[in-house]
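Student: I have a structure to go through and would like to ask about it piece by piece.
Tutor: Go ahead; look at the sequence and the structure first.

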Amino acid sequence: MSEEKAKLSGPDLTKGIELSTIPDGTMMLGHARGEPVLLVRHGKELFAIGAICTHYGAPLEQGLLVRDTVRCPWHHACFNLRTGEALRAPALDPVSRWRVEEIHDLARQLTPVEQRVGTVYVREKLESVTRRSHSLAAGTPESVIIVGGGAAGNAAAETLRHEGYSGRVIMLSADESMPCDRPNLSKGYLAGTASDESNLLRPEKFYREHEIDLHLGARVAAIDVGSGQVKLADDSRHDYGALLLATGAEPVRIEVPGSDLPHVRYLRTLADSRALVSKALASRRAVVIGASFIGLEVAASLRARNIDVHVVGPETIPMEKVLGPEVGSFIRRLHEEHGVTFHLGTTATSIDERSVMLKNGEKLQADLVVVGIGVRPATSLAERAGLAVDRGVTVDEYLETSVPGVFAAGDIARWPDRLTGERIRVEHFVVAERQGQTAARNMLGRQEIFDAVPFFWTEQYDLGIAYVGHAERWDKAEIDGQLEAQDSTITYRRNGKKLAVATIHRDLDGLRAEVEFERAMTKNNTSIQTVQGSASTNARAETATGGS
Ligand SMILES: Cc1cc2nc3c(=O)[nH]c(=O)nc-3n(C[C@H](O)[C@H](O)[C@H](O)COP(=O)(O)OP(=O)(O)OC[C@H]3O[C@@H](n4cnc5c(N)ncnc54)[C@H](O)[C@@H]3O)c2cc1C
Ligand code: FES
């Protein structure tokens with residue numbers, strides 16, 4: 001949604017607002033020259049910025065003020081109140097910013113007629129910050145190669161330019177499509193509520209204008225870290241000064257008779273989603289194999305197209321491992337209310353043109369089968385290049401791998417999480433983007449620790465769940481509020497320690513939990529194991545323990 005199209009509410013801020021009506025630490029929604037504007041008071045300072053998040057258009061007045069930033073209620077993007085800059089993904093573009101004038105003394109004003117003392121006026125729009133203008137550190141690489149054109153790779157390329165990097169940026173993507181908004185593929189686009197255009201993170205001209213050399217259908221076959229060169233499947237070669245690996249993950253394939261039939265589909269790429277949409281248009285009955293996030297989002301989207309949906313999974317309660325039995329059972333009921341039939345505690349044993357056979361003896365009719373049984377990080381390239389790999393590419397807190405000058409981000413990266421003190425790897429869109437941003441700055445010598453709290457979201461029908469933190473294992477889930485009313489906060493703990501918080505339509509609780517985790521991380525003096533064999537990691541260990 002653009003700011004221009006948004007409905008206007010609240011006062012016209014160009015006509016003035018009594019300062020006393022905006023207490024310190026609060027924001028007021030209004031408008032200026034036909035655009036929604038947020039007026040914010042932070043101590044003695046006043047700011048005015050565009051009120052609509054540039055990601056999916058959330059109302060920022062429902063977000064959280066944290067110092068001189070505002071965080072978006074939906075997917076936790078963060079905007080600088082001073083510059084409008086999007087400091088954290090998933091928003092990639094700034095919000096507009098406006099000049100604010102506070103009238104202290106009429107005598108000093110040129111046009112006192114229309115002004116009142118103690119009143120704040122929003123004046124003209126100011127220029128957005130699209131590129132930072134600080135000097136780059138010595139030793140900045142002459143060129144950067146990014147392997148992967150997904151969330152992390154795209155964010156890294158944009159960040160390099162945003163930070164003022166003028167060297168060559170080459171993005172090599174095995175994908176035939178431009179970097180896309182993967183979460184949309186199983187939600188709005190598959191459900192038929194979002195357009196094909198909404199799938200792209202950026203239009204083609206963006207890469208041209210920012211001199212990002214994007215190669216599609218370019219699969220990297222090998223990396224020679226000794227000579228600083230990547231070799232493509234077509235045998236062409238590129239030299240790099242610094243390298244980012246952001247190869248993401250690949251869907252786990254089902255190995256049963258009939259699994260290679262053309263109506264058996266996976267969902268990872270834009271091409272997968274387009275093919276699924278066109279198949280869905282001609283299908284009446286679908287079997288979804290896998291009852292986790294992707295499987296359930298697909299189920300909900302296919303129901304929106306009025307397709308009969310059966311979900312098969314080995315677990316007895318969907319998503320129990322991640323969200324707990326109560327939330328999992330609630331999600332199951334929600335799907336059943338929308339007409340989905342579950343076949344749990346069983347697996348598919350064979351597939352033919354018309355049906356899926358289950359281990360429990362059931363035979364399900366299907367003209368479409370969608371498999372969503374998990375993904376594996378695409379680490380083979382890193383392994384062959386000799387990088388340290390342990391269920392993901394091992395990186396240090398700066399996202400640098402065991403080879404100096406080679407970074408990794410996104411679904412493939414296993415990094416030292418400051419909150420838990422453990423090395424973790426997640427498959428979250430926002431984390432991938434934020435890691436791409438941090439890795440880009442570190443390739444420019446910024447030495448920024450990656451310490452963002454993991455965040456993901458899911459949408460199924462009108463249910464939205466946001467999850468902050470990381471609880472791979474937990475022993476207690478405390479539910480506050482009513483699941484059925486879709487108004488709830490669930491806190492996951494292990495040995496009493498709060499590890500993660502899931503919220504259902506309680507956006508502020510999720511944002512507050514994120515801030516609480518950040519504060520805990522700052523206090524956390526967990527000693528973080530350094531990457532074996534990384535000389536650069538050891539050299540920076542002091543900065544890490546004494547850092548942010
Ligand atoms: C359908 C779907 C829905 C999702 N929904 C959500 C959600 O709601 N919320 C959430 O938090 N997360 C969601 N995710 C997960 C999220 O999209 C991923 O965590 C994120 O995309 C990971 O980003 P990435 O850059 O690491 O990898 P990707 O985005 O997968 O990009 C990897 C890139 O690397 C390229 N590549 C791989 N190997 C090579 C090679 N050898 N040479 C060149 N290029 C190569 C690929 O072609 C691709 O361009 C969803 C994922 C899917 C598939
Ligand atoms: S709408 Fe603001 S982060 Fe998604």
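Predicted model: local features only at pLDDT ≥ 70, side-chain atom pairs only at ≥ 80, totals over all residues.

Student: Is Arg391 buried or exposed?
Tutor: A residue counts as exposed when its relative accessible area is over 50%. The relative accessible area of Arg391 is 56%, so Arg391 is exposed.

Student: Where does Gln447 lie, and is it buried, partly exposed or exposed?
Tutor: Gln447 lies in the loop between H10 and E32. Gln447 also has a positive phi, about 55 degrees, although it is not a glycine.

Student: Which backbone nitrogen does the side chain of Asn442 reach?
Tutor: Asn442 has its place in helix H10. Its relative accessible area is 7%, and buried means under 20%, so Asn442 is buried. The side chain of Asn442 comes to 3.1 Å from a backbone nitrogen, that of Gln447.

Student: Which residues come nearest to ligand 1?
Tutor: There are 33 residues around ligand 1. Five of them come nearest: Ala152, Arg182, Lys187, Arg268 and Asp411.

Student: Which residue has a side-chain N or O atom 2.7 Å from an oxygen atom of ligand 1?
Tutor: Polar backbone atoms also face oxygen atoms of ligand 1: one of Asp175 at 3.1 Å, and one of Ala246 at 3.3 Å. The 2.7 Å distance involves a side chain instead, and that side chain belongs to Asp411.

Student: How much of the area of ligand 1 does the protein bury?
Tutor: Taken alone, ligand 1 exposes 1,000 Å². The share of that area buried by the protein is 93%.

Student: Which element supplies the largest share of the shell around ligand 1?
Tutor: Several elements each give at least two residues to this shell: helix H1 (151–162), helix H2 (182–186), helix H6 (293–304), helix H10 (429–443) and strand E32 (455–460). The largest share is three residues, and it comes from H2.

Student: How many nonpolar residues does the shell around ligand 1 have?
Tutor: Sorted by class, the shell includes nine polar and eight charged residues. The number of nonpolar residues is 16.

Student: Which residue of E36 stands opposite Ile465?
Tutor: Strand E33 (residues 463–469) and strand E36 (residues 497–504) run antiparallel and are joined by five bridges. The residue of E36 opposite Ile465 is Ile504.

Student: Why is one side of E19 and of E22 left without a neighbour in the sheet?
Tutor: These strands belong to an open sheet of five strands in the order E19-E26-E20-E21-E22, with parallel pairing. Strand E19 (264–265) and strand E22 (341–344) stand at its edges, so each has a single partner strand.

Student: What is the bridge partner of Ala286 in E26?
Tutor: Strand E20 (residues 285–289) runs parallel to strand E26 (residues 368–371), and four bridges join them. In E26, Ala286 is paired with Leu368.

Student: Which residue takes a positive phi in the hairpin of E14 and E15?
Tutor: Strand E14 (residues 220–224) and strand E15 (residues 229–232) run antiparallel, with four bridges between them. One of the pairs is Val220 with Leu232. Four residues lie between the strands, and the positive phi, near 70 degrees, is taken by Gly228.

Student: What kind of peptide bond joins Ala89 and Pro90?
Tutor: Pro90 is in the loop between strand E8 (86–88) and E9. Omega of the bond between Ala89 and Pro90 is about 15 degrees, and the bond is cis.

How values were computed. Residues numbered from 1 in each chain as written. Chains lettered and ligands numbered in written order. Heavy atoms only, no water. Near = heavy atom within 4 Å. Polar contact = N/O pair within 3.5 Å; in protein donor to acceptor, adjacent residues only side chain to side chain. Areas by Shrake-Rupley, 256 points an atom, 1.4 Å probe, with all protein chains shown as cover. Nonpolar A, V, L, I, M, F, W, Y, C, P; charged D, E, K, R; others polar. Pairing = 2+ DSSP bridges. Buried < 20%, exposed > 50% of the residue type's maximum accessible area, 1.4 Å probe, protein only.
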